[in-house]
Amino acid sequence: MGNLSCCVQVDQSTVAVKERFGKFQEVMEPGCHCLPWYCGSRVAGHLSLRLQQLDVKCETKTKDNVFVNVVASIQYRALANKANDAFYKLSNTRNQIQAYVFDVIRASVPKLNLDDTFEQKNEIAQAVEEELEKAMSAYGYEIVQTLIVDIEPDERVKRAMNEINAAARMRVAANEKAEAEKILQIKRAEGEAESKYLAGLGVARQRQAIVDGLRDSVLGFSVNVPGTTAKDVMDMVLVTQYFDTMKEIGAASKSSAVFIPHGPGAVRDVATQIRDGLLQASSSTK
């Protein structure tokens, strides 16, 4: 502001309060004004119309007994048409706003648990703004916006919350790992079952091929050697199979000697024993 003789300059986004002999006379808008000081007129003060911001930090307790620091950011400005109220009715605007913020936050947060406080911070900000708007409009101020910019619990509470979150994530990871191992075991069991099934099919086909081969051998031998019966051919095949088996046992076993019957009637005895064993096995299964 400049002051030369009786001229007064009021800057942009500012108003000046004019008094005459100590009584409010008018609000002077930005520009140059004539102020006859010799008639008792003077400038009582200036009032900024710019948007202002006040950050208020309030400590309170949640419903589950956790102390938190709530930081609210209040954006406000004086109204030009109510500049006289804003200038005369409040001696300390910032303290007045801070008192209302404390009152609303300490009335709202204790009704909420800690998790709900974080989730409903917009509702808390709305409640603060509505209360301030009703109170400050009577004093010539407009509440432009109210923000809850931070909710900070005690350091130990934050550490506990992080540990709970980490434990929950580890539990989910353990469940996923167990589910993956379960799927692997199921797939492994299904693979083993399929493998055994295919192995069984192979053994069955092998035995079927052996039976078919023996049948063809018996029929072919009976045709090519007249006078032989199917029983004679079967005895010879059984004895041949017996000696082949003994040969394989001797080749695969660690023992160096295998004792077998010998003599002129040994072959017939071996055939008889094999045939009797097969007949007993077939009769027992029936």
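Which strands form an open sheet with antiparallel pairing, and in what order? I begin my notes with this question and return to it after the overview.

**Basis.** I record that this is a predicted model, in which local features need pLDDT of at least 70 and side-chain atom pairs count only at pLDDT 80 or more, while totals for chains, interfaces and linings use all residues. Residues are numbered from 1 along each chain as its sequence is written, and side-chain values use heavy atoms, with hydrogens and water left out.

**Overview.** I looked up the elements and found seven helices and nine strands. Here helices (H or I, at least four residues) and strands (E, at least two) are DSSP runs, numbered from the N terminus. The protein has 286 residues, of which 24% count as buried; buried means under 20% relative accessible area, exposed over 50%, and partly exposed in between, with a 1.4 Å probe and protein chains only. I then turned to contacts, meaning heavy atoms within 4.5 Å. Among those between residues at least 6 apart in sequence, 61% join residues at least 24 apart.

**Sheet β7-β8-β9.** To answer the opening question, I note that three strands form this open sheet, in the order β7-β8-β9, with antiparallel pairing. Two strands pair if DSSP finds at least two bridges between them. β7 and β9 (141-153) are the edge strands, each pairing on one side only. From one strand to the next, the twist averages 20 degrees. Strand β7 (residues 52-61) and strand β8 (residues 67-78) are joined by ten bridges. Opposite Asp 55 I found Ser 73 in β8, and opposite Thr 60 I found Val 68 in β8. The hairpin of β7 and β8 has five residues between the strands, and Asn 65 there takes a positive phi near 60 degrees.

Axes are lines fitted to C-alpha atoms, for helices over the stretch in contact, and angles run from 0 to 180 degrees between N-to-C directions.

**Helix α2 with helix α4.** The axes of α2 (residues 93-108) and α4 (residues 121-136) come within 9 Å and cross at roughly 140 degrees. That angle makes α2 oblique to α4; under 35 degrees counts as roughly parallel, over 145 as roughly antiparallel, 65 to 115 as roughly perpendicular, and the rest as oblique. By class, I list ten nonpolar, three polar and one charged residues. Ala, Val, Leu, Ile, Met, Phe, Trp, Tyr, Cys and Pro count as nonpolar, Asp, Glu, Lys and Arg as charged, and the others, Gly among them, as polar.

**Sheet β4-β3-β6.** I found another open sheet of three strands, in the order β4-β3-β6, with antiparallel pairing. Its edge strands are β4 (23-28) and β6 (41-48), and its twist averages 30 degrees from one strand to the next. Seven bridges pair strand β3 (residues 14-20) with β6, and Val 15 has Leu 47 in β6 as its bridge partner.

**Thr 14.** Leaving aside residues up to four places away in sequence, I note contacts of Thr 14 with Glu 29, Pro 30, His 46, Leu 47, Leu 49 and Arg 50.
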